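Subject: Structure for you to look at

Hello,

Here is the structure I promised to send. Please open it first, then read the notes below.

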Amino acid sequence: MTTDSEANTMDDASRAPGATDVGTSAATGSVDGNGARPSDGETLVRVQDLVKHFPIRGGLLGVSKLGAVRAVDGVSFDVRRGETLGLVGESGCGKTTLGKVILRLIPATSGEVYIKDRAMFKQSGNQMKAIREDMQVVFQDPYASLNPRMTVGEIVGEGPLVHGLSNRKKREALVRELLGRVGLNQSHIHRYPHEFSGGQRQRIGIARALALNPEFVVCDEPVSALDVSIQSQVLNLLDDLQKELGLTYLFIAHNLAVVEHISDRVGVMYLGKIVELADVDTLYRDPRHPYTVALLSAVPETDPRRRRKRLVLRGDVPSPVNPPSGCRFHTRCWLREQLGNPENCVTEEPPLRVLAPGQQAACHWAEKISPEAIQSAADRQPTVATAEPAPAA
Amino acid sequence: MTNAVDAGDVGLLELRDLKTHFFTQDGTVRAVDGVTFEIRDGQTLGVVGESGCGKSITAMSVLRLIERPGRIIGGEVLLRGKNVLNYSDQEMRDVRGNQISMIFQEPMTSLNPVYTCGDQIAEAVELHEAISRREAWGRAIEMLAQVGIPEPARRAKQYPHQMSGGMRQRVMIAMALSTNPELLIADEPTTALDVTIQAQILELMKALRERNKMAIMLITHDLGVVAEMADEVVVMYSGKVFERADALTIFEQPHNPYTRGLLASIPRLGDKRERLEVIRGVVPNPLNLPTGCLFKRRCPYAMPVCDTPPPVRQVKAGHISRCWLTPESEPPSIGADAPPEVAEAAAQELTVAGR
């Protein structure tokens, strides 16, 4: 389970959490600490140079290491108390893995996560148990994430039981209160998950996450399995709970409109890296990474009058086993093409750099992005975009 | 139904009061219950609704792909004025893939994993045209090139698992279009794909629609995709058409409270609302539908009269709505002011225990 790289990075991560040298690895981006907004809260969770590689094994006994899926490949950011940090990206970009590693549901390859200045990966099992009260998770699939053999009361009450609330009466009272809080009928405490609709099951999942009174909740695609008319109910609920309980969310999703609605800041992931991180309005109004531009352009407008020529990326996301050199987006980048394929995109990995207060992007040529550039790129594409970029000449 | 129309203005496809019910052990599910609409040549019709509203079953009924315990129990499906429900199995086979093709949501499960992509397209071509294997193979490669797959000759020899989701959907589209159909039924064609790949596929469908002059019946729950693609929109709810109009009208002047609620509840890019409006409650249990209007328990305008099935009203030419609200009485805006407790309380009442 422990890989060799994990061992030698442990001392690397032993730096004090608040130390100033957090951004040592320029290529992996630095922590946002430039006071983007006046209301900046203190840092609740700090993710530092986080790496998660899944080894690919093979050979005769299945022990030789053939390579690794570089699911998360050097990610750093802060989550501030009381905010919602959105994390968007396409499937396979590593956003879910990142969420799991942050919660220490799977071990990291290297890097560190600090919650309230405690280095999480160095905690013993018992210490970790205490920390887990502070951080909980809401999963995507409300059908698969609830045990069908347990009643709602058992599901929601399990966490408190494990964490020492052994008095059954008190536990039941707590569960009832939680059910009320998430908008479920308290008398449903003895029902089983299959008796509920998808939206209601997701409310059960939220109640379970709240049972230990956490400060930090990772929401991994919490509404994407729900019907549209139910999505808004759950989004509003998450919003209300955040206000009432002062929760901090890491909101992982692929739906850009949902992320815009719920987030204060947004990080965009591509192939295991954060390519842009900015305040929500800045990111959506003035994106500074060509991938963010393309993502936003790809979202269908819910207004038939505004049908427009969009910027369509060619090809698929490359394999995370063998990501492209330099900038990982260079194989699909419209901006690079427009600039006449500059060399450094292929040779040099762009660091996540500050472009404006509250906005960071990892692009060598971020300053070249303008509405005109985007328009001209959209206009120049062929009518039938091919599935893959033409092989490099 | 009584007076047949002249061949001259026979539309491409017309559904008249189509009813497809499923006779399950627990009772009858009226999945499609009196659906009427038409698609003209070259038109793109969007069919939207939440899961379980009957939009996919409508499409399957058009191709007569309903399996037991489901049965088409009434209505007509007129293809160029002829009711396909009366066709023999052989005639029906000629319609499928020839006049009407279909693409599905999940390209992995709808392609055969043990044949190469080229084989599967060539097979479709051979079934519908009297041409040699070699010609069919050539056509397969040509189709792959048309849908934007690079190196089509090499890709034709590959198996579905060797391709990404977006590529597989392109293969599905290539197969569907290989026989040059007049109508393409696309059932959630981009739902399983990432947004950038979805954009590629939508652009591709637009380009091919222009080139082949085909009509598209686009089934989706994504209002953005509909706004992007459709000329006309049908909104379905619990097996019935609740509203039908051209796309602009649906998005700008919807009449039906369900359509309004649906539009108000989705977050959009650039949307500055603090709270989303919600449609309270959940879709009714198909085994236990309310009497009268099927939407009444969730409707902010519900009135006593809603206990009686609502009429299908003509709001204006080409715009119909199934609702008691009269077109003149502009309904007030939906519930930003409706207290959440009320909505939640209503949701509780609607708890429907499955099975």
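Ser238(B) sits in the loop between β9 and β10 of chain B. Helices (H or I, at least four residues) and strands (E, at least two) are DSSP runs, numbered from the N terminus. Ser238(B) is not a glycine, yet its phi is positive, about 50°. It is also buried, with a relative accessible area of 9%. Buried means under 20% relative accessible area, exposed over 50%, and partly exposed in between (1.4 Å probe, protein chains only).

Before going on, the ground rules. This is a predicted model, in which local features need pLDDT of at least 70, side-chain atom pairs count only at pLDDT 80 or more, and totals for chains, interfaces and linings use all residues. Residues are numbered from 1 along each chain as its sequence is written, chains are lettered from A and ligands numbered from 1 in the order in which they are written, and side-chain values use heavy atoms, with hydrogens and water left out.

Glu151(B) also has a positive phi, near 50°, and is not a glycine. Its loop runs between α5 (133–146) and α6 (152–155) of chain B. Glu151(B) is partly exposed, at 41% relative accessible area.

One cis peptide bond to check: it joins Arg68(B) and Pro69(B), with omega about 10°. Pro69(B) is in the loop between α1 (55–62) and β4 (70–79) of chain B.

**The interface of chains A and B**

55 residues of chain A are in contact with 62 residues of chain B. Contact means heavy atoms within 4.5 Å. The two chains bury about 5,000 Å² between them, 52% of it on carbon and sulfur atoms. Buried area is the accessible area (1.4 Å probe) that two parts lose on being put together, summed over both.

The rule finds five salt bridges across this interface. A salt bridge is a side-chain nitrogen of Lys or Arg within 4 Å of a carboxyl oxygen of Asp or Glu. Arg275(B) forms a salt bridge with Asp240(A), with the closest N and O atoms 2.6 Å apart. On the chain A side, α6 (198–210), α7 (228–245), α8 (256–262), α9 (280–285) and α10 (290–298) each supply at least two residues that touch chain B. Of these, α7(A) gives the most, with 10 residues.

**Helix α11 of chain B**

How many residues of α11(B) are buried? Nine of its nine, across residues 257–265. Among them are Tyr258(B), Arg260(B) and Leu263(B). The cover includes α7 of chain A, together with α9 (223–229), β9 (232–237), β10 (240–246) and α10 (247–252) of chain B. At the start of α11(B), a side-chain oxygen of Asn256(B) comes within 3.0 Å of the backbone nitrogen of Tyr258(B).

**Gln231 of chain A**

Gln231(A) is in helix α7 of chain A. Is Gln231(A) buried or exposed? It is buried, with a relative accessible area of 11%. Its side chain reaches the backbone oxygen of Leu226(A) at 3.4 Å. Not counting residues up to four places away in sequence, Gln231(A) touches Val223(A), Ser224(A), Leu226(A) and Val258(A).

**Chain A overall**

Chain A has 13 helices and 12 strands. Buried residues make up 56% of its 393 residues. Among its contacts between residues at least 6 apart in sequence, 67% join residues at least 24 apart.

Best wishes

Definitions and conventions. Polar contact = N/O pair within 3.5 Å; in protein donor to acceptor, adjacent residues only side chain to side chain.
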